[in-house]
Amino acid sequence: MNQTLADKNILLIISGGIAAYKSLDLIRRLKERGAGVRCVLTQGGAQFVTPLSVAALSEEAVFQDLFSLKDESEMGHIRLSREADLLVVAPASADLMAKMAAGLANDLASTVLLATDKPVLLAPAMNTVMWDHPATRRNFRTLLDDGLHAVGPGQGDLACGEVGAGRMSEPLEIVAAVENIIGGQSAGPATGPSTGQSGAAPLKGRRAIVTSGPTYEAIDPVRYLANRSSGKQGHAIAAALAGLGAEVVLVAGPNNQPDPGGVSVRDIESATQMLAACEAALPADIAVCAAAVSDWRVAGEAEQKMKKDGSGQPPAFNLVENPDILATLSQMNGGRPSLVVGFAAETEKVVDHAQSKRTRKGCDWIVANDVGAGTGVMGGDENTVHLITADNVEAWPKMPKDAVATALAKRIADHFTNHFGSE
Ligand code: C5P
């Protein structure tokens, strides 16, 4: 495990919410990367996880009470925040964010947060109606405007049984956001949230094109050839790049994902339309082709709905090859995006096939993933990928697609900082 957070001290504030159980895993993930983790548990947080488990995992005393003589004599609330490099609030409840936005300091967590001059990362978690409430939106916006960072919340099944926005980001996604902020302190401005809502911006001034989702290739006016791509990964990448300040055009095949905030979306259906929309979005510094483009389309789409003719003979389709958007963007003579990233969905010999795909198509990086039957990647929430560059193959651990997007966006930002300096 890379000690990406060696010698860093994180103060983790766990407020009340069912997502607090994920914070126990977050402690482990931060510590395995070398961070020291000290925890503040609010009264609400202690209803969901016990001080004992937090103390055992963090290997530190847990701080709970502003007016505890013992806590204050051993570690005053000012020292708690001063000795941290970064404060992480996970879960960040609606109540704690409201207190923070108002500048209240009536318990240990809110006092520490008011007393700090260190970066603060929020990982909101709540019921979707609470998250959508104008008061919560106002408070969250205020906190972002105040310069706090945020990761998530994501969409999905909520513990309350509802489905929607409000799910706390997964521990590895929060870790990626922590690494972004800590890395950003030395290498330029810190990053914004994965939702693309605000924050400082290492990719400010960079233009990115992201393709996402499947393509539909018409057979006749009512039928089409398609595939099972959900668009989750591509949309998350568009959001993550926008979160780092890039101006993003998302060229998306038919999908059910919400449009990411702060991203220009071009909805298309076919591969031919996808290529035209990408070309219209040029010039760009970055192209990430995450779409599952259909390799073929039906030659001579029927103008009317095809009918059975009574002969018992099914119609024969002639397929023609679609344009390869990744190869086209990679091999442009003038105006090629300076970093072109492709995806390779493979069912066997994942790295070998992806490496040869990288050279064949002429892109700079390939994100290779195993989509074999049983992996659940197609349409699922998680991905296990390899990042393949000209001289390196990195195996990334299994992560939620949002975390893959955050990590990839950070790598892209680092690439531009390393090659062109921070602008
Ligand atoms: O050749 P294959 O479909 O496996 O390559 C996958 C990569 O190529 C993905 O990045 C995908 O978005 C891109 N691609 C494309 N246009 C095509 C086919 C694939 O951009 N027609």
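Helix 10 and helix 14 are oblique to each other, a term for angles that are not under 35 degrees (roughly parallel), over 145 (roughly antiparallel) or 65 to 115 (roughly perpendicular). Helices (H or I, at least four residues) and strands (E, at least two) are DSSP runs, numbered from the N terminus. The model is a predicted one, in which local features need pLDDT of at least 70 and side-chain atom pairs count only at pLDDT 80 or more, while totals for chains, interfaces and linings use all residues. Residue numbers start from 1 along each chain as its sequence is written.

Two packed helices are described by the angle between their axes and the distance between the axes. Helix 10 (residues 232-243) and helix 14 (residues 401-420) pack at about 45 degrees, with axes 8 Å apart; axes are lines fitted to C-alpha atoms, for helices over the stretch in contact, and angles run from 0 to 180 degrees between N-to-C directions. The crossing of helix 10 past helix 14 is right-handed, that is, the near helix is turned clockwise from the far one by less than a right angle. Among the residues making this contact are A236, I237 and A240 of helix 10 and V404, A405 and L408 of helix 14, where contact requires C-beta atoms, placed from the backbone, within 7 Å. By class, the contact has ten nonpolar, three polar and three charged residues; Ala, Val, Leu, Ile, Met, Phe, Trp, Tyr, Cys and Pro count as nonpolar, Asp, Glu, Lys and Arg as charged, and the others, Gly among them, as polar.

We turn next to the sheet. Eight strands form an open sheet of mixed pairing in the order 13-12-9-14-17-18-20-21, two strands being paired if DSSP finds at least two bridges between them. Strand 13 (264-267) and strand 21 (392-395) are the edge strands, each pairing on one side only. From one strand to the next, the twist averages 15 degrees. Helix 10 also packs on this sheet, touching strand 9 (207-212), strand 12 (247-252) and strand 14 (286-289), and its direction makes about 165 degrees with that of strand 9.

Strand 17 gives the most to the shell around the ligand, with three residues.

Methods: Contact = placed C-beta atoms within 7 Å.
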